[in-house]
Amino acid sequence: MDRLRLLNRALQVGLLGIFAFGVLARNVSVVVNALAGFGVTLVPAMLARDRDLLLDPRFTLVVSVAVFLHSIGMVGLYDRIWWWDHLTHTFSATIVAVVAYTVVWAVDVHRDDIHLPPPFTGLFVLTFVLAMGVLWEVAEFLAREAAILLGQEPVLVLYGLGDTMFDLLFNLLGAVTVTVFATTRLRRWGEQLAGWLDRRLEAS
């Protein structure tokens with residue numbers, strides 16, 4: 001576990017390095033994405049400190065890897081490597097699917113009046129990931145159009161409708177991978193989250 005935390009710290013340092021590069025290059029897209037990514041990597045520690053919610057270091061590391069891959073992609077890899085966008089979307093969709101499955105399973109364990117069969121949970125996760133993917137693509141488009149309208153440099157890159165369809169396809173790939181291969185571990189995480197919810201309710 002200490003090795004995982006060390007790797008996570010290294011990725012955070014890498015994000016700060018990308019941020020510094022963006023500042024020196026005066027590239028707003030790199031600066032904003034690196035800074036946002038670094039902020040995301042701080043969320044697990046904040047949850048542990050403020051909410052007493054300990055996340056598995058493996059999940060924390062995957063989150064850091066995902067935001068690092070996206071941030072370093074803004075330096076030029078998205079343009080130079082044709083599959084980089086597919087890689088980052090698959091990683092991001094995997095994280096969304098992990099969170100969705102864990103939360104749904106936690107609710108199922110936490111609430112006696114709710115029972116969600118595993119096939120329904122898997123279908124819900126797939127649908128949720130696709131819906132989040134569509135919302136992200138719409139947000140990317142609106143953010144880009146707003147930046148252009150205001151005469152600013154867009155912080156996100158769009159490559160057309162075909163690329164958007166591929167993005168959604170690789171989002172689905174990430175979600176399917178999670179629901180097929182990771183359900184046992186995610187159910188255990190869900191049970192841990194349900195226990196945390198129980199403790200929070202007892203303390204309130």
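Guide: Helices here are DSSP runs (H or I, at least four residues), numbered from the N terminus. The model is predicted, so local features need pLDDT of at least 70 and side-chain atom pairs count only at pLDDT 80 or more, whereas totals for chains, interfaces and linings use all residues. Residues are numbered from 1 along each chain as its sequence is written, and side-chain values use heavy atoms, with hydrogens and water left out. For the protein, the mean pLDDT is 87, and 94% of residues reach 70 or more.

Let us start with helix 3 (residues 57-80), whose axis lies 9 Å from that of helix 1, at an angle of about 20°. That makes the two helices roughly parallel (angles under 35 degrees count as such, and those over 145 as roughly antiparallel). Axes are lines fitted to C-alpha atoms, for helices over the stretch in contact, and angles run from 0 to 180 degrees between N-to-C directions. Helix 1 passes helix 3 in a left-handed crossing, meaning that the near helix is turned anticlockwise from the far one by less than a right angle. Contact means heavy atoms within 4.5 Å; among the residues that make it are Leu-4, Leu-11 and Phe-21 of helix 1, and Leu-61, Phe-68 and Ser-71 of helix 3. The residues of this contact divide into 13 nonpolar, five polar and two charged. Here Ala, Val, Leu, Ile, Met, Phe, Trp, Tyr, Cys and Pro count as nonpolar, Asp, Glu, Lys and Arg as charged, and the others, Gly among them, as polar.

Now turn to helix 2 (residues 28-51). Helix 1 packs with helix 2 at about 160°, their axes 8 Å apart, which makes this pair roughly antiparallel. This crossing is left-handed too. The contact includes Leu-15, Phe-19 and Gly-22 of helix 1 together with Val-31, Leu-35 and Phe-38 of helix 2. Its residues divide into twelve nonpolar, four polar and no charged.

One more stop in helix 2 is Ala-36. Ala-36 is partly exposed, with a relative accessible area of 47% (partly exposed lies between buried, under 20%, and exposed, over 50%, with a 1.4 Å probe and protein chains only). Ala-36 and Ser-71 are 35 residues apart in sequence and 8.9 Å apart in space, C-alpha to C-alpha.

Definitions and conventions: pLDDT is the predictor's confidence in each residue, from 0 to 100. Angles under 35 degrees count as roughly parallel, over 145 as roughly antiparallel, 65 to 115 as roughly perpendicular and the rest as oblique.
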